[in-house]
Amino acid sequence: MKRRDLLATGTAAAIGSLARPRLSLAQDTRVLRFVPQANLSSLDAIAGTQYVVRNASLLIWDTLFGVDSNLVPKLQMAEAYEATDGNKTWTIRLRPGLKFHDGEPVLSRDVVASLNRWMVRDTMGQRIKASLDAMEALDDRTVRIRLNKPFPKMLFALGKSNAPVAEIMPERIAKTDPFQLIKEYVGSGPMAFKKDEWVPGSLAVFEKFAGYEPRPEAADWLSGGKRMKFDRIEWLILPDDATKAAALQNGEIDWWENPVPDLVPLLKRNRNLNVDIADPLGNIGSFRINHLHPPFNDPRVRRAVMMALSQEDYMRAVVGNDDELWKAQPGFFTPGTAAYTEEGGEILKGPRRYDEAKKLLAEAGYKGETIVLCVATDVQITKAQGDVTADLLQRIGMKVDYQALDWGTVGARRAKKDPPSQGGWHIFHTWHAGADCINPAPYTAFDAGGDKAWFGWPKSDAIQAGIATWYDAPDAAAEKAAVTDLNRMAMEFVTYIPTGFFLGYQAWRKNVSGVVKAPFPVFWGVQKT
Amino acid sequence: MLGYLARRVLSTIPVMAIVALFVFSLLYIAPGDPAAIIAGDQATPADVERIRAGLGLDRPFLIRFGEWAWHVLNGDLGVSIFTNLPVTRMIGQRLEPTASLMVLTLILSIGIAVPMGVLAAWNQGTWIDRLIMIFAVFGFSVPVFVVGYILAYVFALELDWFPVQGYTPLAKGFGPWLNNLVLPAVALGGVYIALIARITRATMLEVLSQDYIRTAKAKGVGSRTILFLHALKNAAVPIVTVIGIGVALLIGGAVVTESVFAIPGLGRLVVDAILRRDYPVIQGVVLLFSFVYVLVNLGVDLLYTAFDPRIRY
């Protein structure tokens, strides 16, 4: 062969081999490629409460009960339950034939160990633990929880979707310290985690668990039959939003959990894609205040800021000009749910009152102290809110020290109780998933228990008493009365300032069907053609 | 020569020790807390404190550093705070994509930039020279991520020649491997090509003005021989130096390129680790990068002797 022929043949072979590798169609329809909201850095949804970890854990682990789209808990791993002694004794019987991914049967001792671990970390679990007389395995499939006071919200606690979720794991794993991450990822959920294929920060693979027996009912969020139409689900961690958009358009991924608002118009124009609201319960923007130090230890200063704060400004900064994505929210609980009320929320309505705010600040003795505003500039939602806050505080005559940080630093900084001038803080921004604000139980940011409360350490005995009233409420009417009171009290006290309610989109290819709106990606029932 | 080699290899030990101490100290004083990130946004301050204690992050600096250094000396880079996977395994998973990207970029860059520089010098002042220098300025000026987006838009989305993102291991075939790397290597190579081309041109201009080149021309030696045998070999030392220095540029550029093209490489690993404060992973990757850079410099020094026999160690 001549040199030129050899070169020509080699070049042709090289170009030929560059043809893009494609899976066969049948194989491709059994694999879902999903891009989650964030990097999946761990898989322990008890030790950690990150939403992305919770979402992945719901594939691997199952729950005794599961809430449906009306937030009503339904039987899931449990076959039946009985509440006796005025809701003080709860007896739960497991479905027969439940198995873990390692082939071992799910036994009541696994349930006891799992709930013991969960109770340490979950706010509802902590309430159960505080009145727990005993939790015992009566036989392989029966667990009895005995309390010394009624706990009418037991089923919701065991079936809620808020992190930490009461997931059932093998006893040997559940015995891990609840403050340390587990090392084995064995559950009894519809998909098994492929630890050998895990490339943290890039790829997480879930494989259909052949031993999973779905319930006969239709799936509805965490309840019903979790029927998987895929043999394999790949979570691809793509760090760049433009790359995600391009990969979705190019058919390299099937479903993107949270496209950024800027790219949504581009995705909507593509006829191969569906774009729709992801989570109907949305999110609540948060202006978090440190109650420990002047000037914000005075409620008048907090109210002064609140009367000047325009939720529209915040929401437009967060979601842009898409009016479908936001609404004003003069209340603390999730709009559209039974708990939502605007009681006491007048201060957030109507034209903003800058002059009145300045007057109130002067009355409260504000003397131009520098306000330390910690802004996580690497997260678009917090950056947008931080910018609006800096402007707002200056408008009412406050001196602002805008500290641009990354989220990792804000996460550590907000735990500091030191005075702001010595490394502490006055204000930081975040947001709360609407699913966590449907009532006071999972709503950590609403708690006003002082030292035990969330960052900012608000302290109000009246609010704490109100939360206790809600827990004891025997019916929906009593619950509504309790949250109405709570909303009014929290508005007066200004536990924190809600900056508005906003929604997010999800996007998926048109050959994928069965995608539903929920606070977490629901994979059961989804299929690809 | 062997003595020199042994001395240089041994000298990497104190360098690595200083790097290790520096990186550990830097991370110790840097703000941020992995416990807060593990705990998530809903956790209370008390939860975060318990997790921090569980991770041993509340222990004094010297104890933590001593423990980590001892493990490193035993070949154990520790375990990721988040994934509980050994850092060596995580680095092992990411090594091939980054090495592939860097090697392909180096081959592409040197293969294009050196002839470009030579050509520009040989045609100094002509439109060829100007065109090449305009390209070089362009390569310097346009950020890697912009080039990446443009390439992905044109060649992946519009023409569908290449995938937008991802990496296929070499074990799955040369074609698929190359297919995933062409666009990232071109994007990353832009700056590098510009740098090498400019240095090659400048050095070649200097060499081409030397007396021995004039003598060679007077003797009737052909242009190709003068350029590539006489001139380029004598211009090689500065070019090789720049190529060596440019490896650091490549490491920095790989972080961006790996993010734009979603290549699961070391650059992304270390950025993710920094954002999460996954200290063992950051320390492991930085140590590795430092070691590679020290080795590259050693290689460059050794190459000098090949191009210029007057250099002796």
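Let me begin with A:G500, a residue found in strand β20 of chain A, which covers residues 497-502. Please bear in mind throughout that this is a predicted model.

Is A:G500 buried or exposed? A:G500 counts as buried because it has 27 C-beta neighbours inside 10 Å, and the cut-off for that class is 20 or more. Leaving aside residues up to four places away in sequence, A:G500 touches A:G285, A:Q311, A:Y314, A:M315, A:W326, A:A328 and A:Q329. As a further reference point, take A:D279: 221 residues separate A:G500 from A:D279 in sequence, and their C-alpha atoms lie 16 Å apart in space.

I turn now to a hairpin elsewhere in chain A. The hairpin is formed by β7(A) and β8(A), with two residues between them. Strand β7 of chain A spans residues 132-139, strand β8 of chain A spans residues 142-147, and the two pair in the antiparallel sense over six bridges. Within this pairing, A:E136 stands opposite A:R144 in β8(A).

My final topic is the interface between the chains. How many residues of chain A are in contact with chain B? The contact involves 47 residues of chain A and 51 residues of chain B. On the side of chain A that touches chain B, at least two residues come from each of α8 (241-249) and α14 (407-413). By residue class, that side of chain A consists of 19 nonpolar, 18 polar and 10 charged residues.

To close, I would recall the buried glycine A:G500 and the antiparallel pairing of β7 and β8 in chain A. Thank you for your attention.

Terms used: Residues numbered from 1 in each chain as written. Chains lettered and ligands numbered in written order. Predicted model: local features only at pLDDT ≥ 70, side-chain atom pairs only at ≥ 80, totals over all residues. Contact = placed C-beta atoms within 7 Å. Helix = DSSP H or I, 4+ residues; strand = E, 2+ residues; numbered from the N terminus. Nonpolar A, V, L, I, M, F, W, Y, C, P; charged D, E, K, R; others polar. Pairing = 2+ DSSP bridges. Buried ≥ 20, exposed ≤ 12 C-beta atoms within 10 Å, placed from the backbone.
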